[in-house]
Amino acid sequence: MKISRYKRFMVAALTLSSVLLAACGGGGGGGSVAGGGIGGTGMTSGTVTGFGSVFVNGIEFDTDGASRDVDDRVDISNGSDDDTVLDIGMVVTIIGTINDDGVTGTAESITYDDAIEGPVAAAPVEDPDGLSKTFDIFGITVIVERNSTVFAETDYASLAKDDLLEVSGYFDGSGNLRATRVEKQGVLVLGKSGVELRGNVKGFDGVDSFTLSGVSVTFD
C-alpha cells in the first residue's frame, strides 16, 4: 500500500496569498479516500458509530489496553472511557485482530486525526433540497449533510464564515471532503489561530517557501 507523507503546521499569520508558519511537524497516513474498510492485514479504517467498546465498520472492538493517538495526544484505553476521548463520526484507523465471527475484534491501537482544520472561507451555500451545505477551507470543498454529519460545538444551521472547524470525513472522486464529523474550534483570529493543512509540497525554493494544496507557505 502506498503511503503519502503529510505536513502539519501551526499558523503564525494568514493573508490572502500566504501562510506564515510558527512550527511544523510530520506524520503519515492515507491520501484521498473514497470510503472506509479493511486497509490491510490487522488494519481497519472507518467511522466510529458507537461505544461500549468501539464500533467501526460494524465491528465491535475490545479496546482495553489499546493505545490511543487522538490529534497527537497518546494515552491508553481502559476499555470503557473511549467515548470521553473519541466521538461518533470520527474516521479512525485501528490496528488489531478481527475474530472469526467477523463482527468482534480486539484493538491494539486506535489513531485519529482530522482531515483538515481551518477557517470557513465564505458563508456556506445550501443545496436547493436543504439537506446539505458546501463551503471551502483552504481551497478544499467540504460537504456537510443535515441528517448524517455529526456536529460538535456548532450545528448545521449555525455554520458561518470564519468559523474555525476541525473536519473528519472522506474525499470523494471529485476531491470534495464529505464530512462525517465537524467540530467548531472557535473563530479565526489572524496571527493567533492554529490550523492544520495537508497535501503534497510543491515548488520548494530550497530555503524557506513552498506551495501546499494551493497555499503559499513561508517558514523560519
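In this predicted model, F219 is partly exposed, with a relative accessible area of 23%. The ring of F219 pairs with the ring of F210: their centres are 5.8 Å apart and their planes meet at 50 degrees, so the pair counts as tilted. F210 itself is buried, at 9% relative accessibility. The ring of F219 also pairs with that of F204, and here the centres lie 6.4 Å apart and the planes are at 25 degrees, so this pair is stacked. With 47% relative accessibility, F204 is partly exposed. Together, F204, F210 and F219 make up one aromatic cluster. The count of aromatic pairs comes to 4.

β19 and β20 run antiparallel and are joined by 4 bridges. T211 faces S216 of β20 across this pairing. The two strands form a hairpin with 2 residues between them, and S213 in the turn has a positive phi of about 50 degrees.

Stepping back, the chain contains 20 strands and 0 helices. Of its 220 residues, 43% are buried. Among contacts with a separation of 6 or more, 54% join residues 24 or more positions apart. The chain exposes about 11,100 Å², with carbon and sulfur atoms supplying 51% of that area.

What lies inside? In soluble globular proteins, nonpolar side chains tend to be buried together. The largest nonpolar core here has 25 residues, and V144 and V167 touch the most other members. Two or more residues each come from β13 (132-137), β14 (140-145), β16 (163-171), β17 (177-187), β19 (209-212) and β20 (215-219). β16 gives the largest share, 4 residues. Leaving aside residues up to four places away in sequence, V144 touches a list of residues that includes L131, F135, F151, L159, A179 and V182. Another core lies apart from this one; it has 14 residues, among them V54, L86, M90 and I110. K133 and Y156, which are also among the residues touched by V144, have an arrangement of their own: K133 lies over the face of Y156, at 4.7 Å from the ring centre.

Because 9 of its 9 residues are buried, β16 is largely enclosed by the rest of the structure. β16 pairs with strand β11 (residues 116-119) in the antiparallel sense over 4 bridges, and in this pairing E117 stands opposite E166 of β16. β16 is also joined to β17, again antiparallel, by 9 bridges, with Y170 having R178 in β17 as its bridge partner. The hairpin of β16 and β17 has 5 residues between the strands, and G175 there takes a positive phi near 85 degrees.

Is Q185 buried or partly exposed? Its relative accessible area is 39%, so Q185 counts as partly exposed. Not counting residues up to four places away in sequence, Q185 touches E117, L164 and E166. Q185 and E117 are 68 residues apart in sequence, but their C-alpha atoms are 8.8 Å apart in space.

Key
Residues are numbered from 1 along each chain as its sequence is written. This is a predicted model: local features need pLDDT of at least 70, side-chain atom pairs count only at pLDDT 80 or more; totals for chains, interfaces and linings use all residues. Side-chain values use heavy atoms; hydrogens and water are left out. A nonpolar core is a set of buried Ala, Val, Leu, Ile, Met, Phe, Trp, Tyr and Cys residues joined through side-chain atoms within 4.5 Å. Buried means under 20% relative accessible area, exposed over 50%, partly exposed in between (1.4 Å probe, protein chains only). Contact means heavy atoms within 4.5 Å. Two strands pair if DSSP finds at least two bridges between them. Accessible areas come from the Shrake-Rupley method with a 1.4 Å probe; for residues, only the protein chains shown count as cover. Rings of Phe, Tyr and Trp (its six-membered ring) pair if their centres lie within 6.5 Å; planes under 30 degrees apart count as stacked, over 60 as edge-to-face and the rest as tilted. A charge sits over a ring if NZ of Lys or CZ of Arg is within 6 Å of the ring centre and within 35 degrees of the ring normal.
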